[in-house]
Amino acid sequence: MSAQDDVDDVGEFAALLRTLKERTDRSYGSLARRLAMNTSTLHRYCAGEAVPLDFAPVERFAALCGASPEERLELHRRWLLAVAARQRPRTASAAGTAEESAIAADEPGDAPEGIDSPADTPPLPHRPWYRRRRVVVAVAAACAVLATLGSLSALPDERRASGDDRPRAAGPAASATTSAGASDRRGASPTPSGGSPAPERPSPSATPRQKKPAPSPSVRTTPPTGTTAPTTPLTWSADSQAWKLGCGHDYVVAAPPEQVPPPPVPQDAGVWAASQNAVHGGETLVRLSVQGRTDTAVVLEALRVRVVGRTAPAQGNAYAMDQGCGGSVTPRSFDVNLDKDRPIARAVAGSDTGTPIPAVRMPYRVSARDPEVLLVNARAQACDCRWYLELDWSSQGRTGTVRIDDDGRPFRTSGIKGLPRYMYDTSARQWAPYR
């Protein structure tokens, strides 16, 4: 199947999504909030820039747009073709083209224009591709030998190595080649900077400076013979700047309202929070993406919470990033109460327009083809808590635990009870007390 067919399959799937979307009077942002996904993600699906790996969000999208059973069936068919097109290897055609170009370049062609070939010269016989490659390899080897001989001939006479002559310059290469006669030359001393010849072996005082330092015993640079270094069979990424339903969140900032810039768009939340030294207020939503490295299944055994710091809530003002938002879609998540002495990650079911979404139950299986996105909602009222997650896994008789944090630092969540709270008034373009 050609690359053009793959593009057509993805384009037909995206076209049907746009057709269903145009039936509604909702924007991409409104539909994305009801589907519990990012606006940019939904737009990429409809533009044909991405294809969802799971049909569940596509099914909810079709139901939200009022698609008929026949249209849902057609949408599922096009989705299957689009997923297959995106997963199909794209290097086969390119490799074939390169191989054909290499063979065509080696074929005998016509003489250049303006140059006549001798009439008595017989045409060159056609050689199979494998013979042509042997000729190329032989020519390359001959060139390498000639280059080596040329470099040796360019050396001074006293530096050439032949017969009983030995390299006389001190260095790692010289010490390696003169090891056979070292017992006869142990008493040699360094040569002064005159015209006399250099000693056949460097002095013992110079030898340590010329040898390559060995690696530290505590650091193994290569695995032992016959073994391979163990690798965690899964990968993960964590986004701690997720907002509830994509629009609601609070930050604690130790600055008055007139010194705080307007709230950012959700995708710029991390930059905005870093510039203001903001702390998550009341809750932290961590979107955790877990995927296997290969098609071999990796079982997620348990998700635990570790609190490494607990102090009084941070001082400052609470700034709400929205004027209140809601929707009929509540994603499933793990709920964590950081005020508890021993908080645990409790699986919570979601809801899609009244239809329950089952909670994630451990153990859970992932692979390279079956990734999973887990949403962790950590809440705090009476503390400024620093915490991280531990994810236990097992695969093919191996077990392990990975630490999930905020780029090497613990996550941080502080309560906002009793703090002044503000919301941004878009008409007055300033922060105002929250109503």
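**Entry 1: strands around β16.** I looked up the partners of β16 (residues 411–414) and found strand β3 (residues 279–281) joined to it in parallel by two bridges. I take strands as DSSP runs of E of at least two residues and helices as runs of H or I of at least four, numbered from the N terminus; two strands pair if DSSP finds at least two bridges between them. Histidine 280 has threonine 413 of β16 as its bridge partner. I then found β16 paired with strand β14 (residues 384–395) in the antiparallel sense, over four bridges. Here cysteine 385 is the residue opposite threonine 413.

**Entry 2: provenance.** I note that the model is predicted: local features need pLDDT of at least 70, side-chain atom pairs count only at pLDDT 80 or more, and totals for chains, interfaces and linings use all residues. Residues are numbered from 1 along each chain as its sequence is written, and side-chain values use heavy atoms, with hydrogens and water left out.

**Entry 3: the disulfide.** I searched the whole structure for disulfides (cysteine sulfur atoms within 2.5 Å) and got one. It links cysteine 383 and cysteine 385, with an S to S distance of 2.0 Å. The angle about the S-S bond is -105 degrees, and the link of cysteine 383 and cysteine 385 is left-handed.

**Entry 4: the five-stranded sheet.** I traced an open sheet with mixed pairing, in the order β1-β4-β13-β8-β9. The edges are β1 (234–242) and β9 (346–348); each has a single partner strand, so one side of each lacks a neighbour in the sheet. From one strand to the next the twist averages 30 degrees. Inside this order I checked strand β8 (residues 333–337) against strand β13 (residues 372–379): they pair in the parallel sense over four bridges. Valine 336 is opposite alanine 378 of β13.

**Entry 5: α4 against α5.** I looked up helix α4 (residues 56–64) and helix α5 (residues 69–87), whose axes come within 11 Å and cross at roughly 150 degrees. Axes are lines fitted to C-alpha atoms, for helices over the stretch in contact, with angles from 0 to 180 degrees between N-to-C directions. The angle makes α4 roughly antiparallel to α5 (under 35 degrees is roughly parallel, over 145 roughly antiparallel, 65 to 115 roughly perpendicular, the rest oblique). For the contact (heavy atoms within 4.5 Å), I list Val58, Glu59, Ala62 and Ala63 from α4, with Arg72, Leu75 and Trp79 from α5. These contact residues of α4 and α5 divide into five nonpolar, two charged and no polar.

Terms used. Nonpolar A, V, L, I, M, F, W, Y, C, P; charged D, E, K, R; others polar.
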